[in-house]
Amino acid sequence: MLKAFLVCMCLGLTILYSYLVLDIFGPDMAQISKKLEKELSDLDEISLSPMEKTEEQIRAIRELCGELCDTTKPIVPGEFMGTVTSKVDCHTLFSSPVFHQPALLPPQAWPQLSKKIQDQYTYQGRSRGRQGTQGI
């Protein structure tokens, strides 16, 4: 009985320690931002359509945004509205050039958007998209 207790305590401490180590030595968001900024600047050298470049910009933003952009996280019900929590590195998010890229396309009608971008607007099909001819 004592052995089982000690094993459980060791396992619990190991898990707690691993979370602390990951939190301290996890990915450096500034380095990730620089890597993504370079990837986006390299897009000028690659022959992609403006729509494909826009998709790459969105991918880079989602990667840097991390948990904050994860729309699949469960919502915790509240008295007025639900909540979702995420780890956020505000300094990196607000200072990263990844978030300050010029638009590559004018507003597009729904049918002109790629399937990837339509999926972003509809939260991967969990919400209905507006399919009119007006720009989004």
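Colleague: Let's start with Gln57: which helix is its place?
Modeller: This is a predicted model numbered from 1 along each chain as its sequence is written, where local features need pLDDT of at least 70, side-chain atom pairs count only at pLDDT 80 or more, and totals for chains, interfaces and linings use all residues. Side-chain values use heavy atoms, with hydrogens and water left out. Helices (H or I, at least four residues) and strands (E, at least two) are DSSP runs numbered from the N terminus. On that numbering, the place of Gln57 is helix H3.

Colleague: Is Gln57 buried or exposed?
Modeller: Buried means under 20% relative accessible area, exposed over 50%, and partly exposed in between, with a 1.4 Å probe and protein chains only. Gln57 has 12% relative accessibility, so it counts as buried.

Colleague: Which residues is Gln57 in contact with, leaving aside its neighbours within four places in sequence?
Modeller: Contact here means heavy atoms within 4.5 Å. With those neighbours set aside, the contacts of Gln57 are Leu40, Gln101, Pro102 and Leu104.

Colleague: What span does H3 reach from its first C-alpha to its last?
Modeller: The expected span of a helix is 1.5 Å times one less than its number of residues. H3 has 16 residues, and its expected span is 22 Å. The model comes close to that expectation, with a reach of 22 Å.

Colleague: And which residue follows H3?
Modeller: The residue there has a positive phi, near 60°. It is Gly66.

Colleague: Which cysteine does the disulfide join to Cys65?
Modeller: A disulfide is a covalent bond between the sulfur atoms of two cysteines. In the model, a disulfide is a pair of cysteine sulfur atoms within 2.5 Å, and the structure holds one. With S to S at 2.1 Å, the partner of Cys65 is Cys69.

Colleague: Over to the loops: which residue's backbone oxygen does the side chain of Gln108 reach?
Modeller: Gln108 has its place in the loop between helix H4 (90-95) and helix H5 (115-121), and it is buried, with a relative accessible area of 14%. A polar contact is a pair of N or O atoms within 3.5 Å; within protein, one must be able to donate a hydrogen and the other to accept it, and residues adjacent in sequence count only if both atoms are side-chain atoms. The side chain of Gln108 reaches, at 2.8 Å, the backbone oxygen of Pro106.

Colleague: How far apart in space are Asp89 and Leu68, C-alpha to C-alpha?
Modeller: Asp89 lies in the loop between H3 and H4, where it counts as partly exposed at 30% relative accessibility. In sequence, Asp89 and Leu68 are 21 residues apart. In space, the C-alpha to C-alpha distance is 9.7 Å.

Colleague: What is the phi of Tyr123?
Modeller: Tyr123 lies in the segment after H5 and is partly exposed at 44% relative accessibility. Gln124 lies in the segment after H5 as well, with a positive phi near 55°. Although Tyr123 is not a glycine, its phi is positive, at about 55°.

Colleague: Lastly, what share of the protein chain do buried residues make up?
Modeller: The chain has five helices and zero strands, running α-α-α-α-α from the N terminus on. Among its contacts with a separation of 6 or more, 60% are between residues 24 or more positions apart. Of the 136 residues in the chain, the buried share is 18%.
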